[in-house]
Amino acid sequence: MAELIQEERYPQAISVTFPWWQVAVTGLAVGALYFILTAAIGQFFIDPLFCRDSVNAAMCSNSVGVAGNVATVLIAAIGLGVLVSLRAARPIVVVTVSAILLWGLSTWTQGLVWAEIVAWSALLYGLSYVLFSWICRFNDNMSVVVGSLLVAVVARIVTTLW
């Protein structure tokens, strides 16, 4: 008679320790890259395509905001790749909610000197990545998503009123 052998396989668990410094460094690097991408997209794509004539004056007046929003999407993709390689917990939630929270960052920092823009962008991305990575450590998926979205919505309301 044949004997049935069942081998129990467990998926690789997410680390109990929280690699906050790796996530923070990732956020700082992504924040600095955000400024570079915003400037490059604005100078090489948005301005040449839309600011040549006066027909698109509304688009041209908001070219920094549009370039920043495009850069936010690209930065989210880059941050997702880095956080996946770091094996962070729920990296898609971290980058998505950070992008929601920091949407429009280029218009917030529009009148500052470039060094201040880099510093604020790196600081805000670093803090948001650490905050949402910390929230994403918990086990229940629904509470992580709802909690992250709640924090992002409250922060957006506070920044809008401020």
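The legends below describe close-up views of a predicted model.

**Figure 1. Overall helical make-up of the protein chain.**
The predicted model of the protein chain contains seven helices and zero strands. Read from the N terminus on, the order of elements is α-α-α-α-α-α-α. The chain has 162 residues, and buried residues account for 32% of them.

Two elements, helix H1 (20-50) and helix H3 (63-85), each give two or more residues to the lining. H1 supplies the largest share, with six residues. By residue type, the lining of the second largest pocket holds six nonpolar residues, six polar residues and one charged residue.

**Figure 2. Packing of H1 against H3.**
Two packed helices are described by the angle between their axes and the distance between the axes. For H1 and H3, the axes come within 7 Å and the crossing angle is roughly 140 degrees. Angles over 145 degrees count as roughly antiparallel and those of 65 to 115 degrees as roughly perpendicular; H1 and H3 are therefore oblique to each other. Their crossing is right-handed. The residues in the contact of H1 with H3 comprise 17 nonpolar, seven polar and one charged.

**Figure 3. Ala-24 in helix H1 and its distance to Leu-123.**
Ala-24 is placed in helix H1. Its relative accessibility is 14%, and because buried means under 20%, Ala-24 counts as buried. Along the sequence, Ala-24 and Leu-123 are 99 residues apart. In space, the C-alpha to C-alpha distance between Ala-24 and Leu-123 is 9.0 Å.

**Figure 4. Gly-65 in helix H3 and its distance to Trp-103.**
Gly-65 belongs to helix H3. With a relative accessible area of 4%, Gly-65 is buried. Gly-65 and Trp-103 are 38 residues apart along the chain, and their C-alpha atoms are separated by 9.3 Å.

**Figure 5. Arg-87 and Arg-90 in the loop between H3 and H4.**
Arg-87 lies in the loop that runs between H3 and helix H4 (91-101). Although Arg-87 is not a glycine, its phi is positive, at about 60 degrees. The relative accessible area of Arg-87 is 57%, and since exposed means over 50%, this residue is exposed. Arg-90 is also found in the loop between H3 and H4. Arg-90 likewise has a positive phi, of about 50 degrees, without being a glycine.

**Figure 6. Packing of H4 against H6.**
H4 packs with helix H6 (residues 114-135) at an angle of about 135 degrees. The axes of H4 and H6 are 9 Å apart. The crossing of H4 and H6 is right-handed.

Technical notes. Residues numbered from 1 in each chain as written. Predicted model: local features only at pLDDT ≥ 70, side-chain atom pairs only at ≥ 80, totals over all residues. Heavy atoms only, no water. Helix = DSSP H or I, 4+ residues; strand = E, 2+ residues; numbered from the N terminus. Nonpolar A, V, L, I, M, F, W, Y, C, P; charged D, E, K, R; others polar. Axes fitted to C-alpha atoms, helices over the stretch in contact; angles between N-to-C directions. Parallel < 35°, antiparallel > 145°, perpendicular 65-115°, else oblique. Left-handed = near helix turned anticlockwise from the far one by under 90°. Buried < 20%, exposed > 50% of the residue type's maximum accessible area, 1.4 Å probe, protein only.
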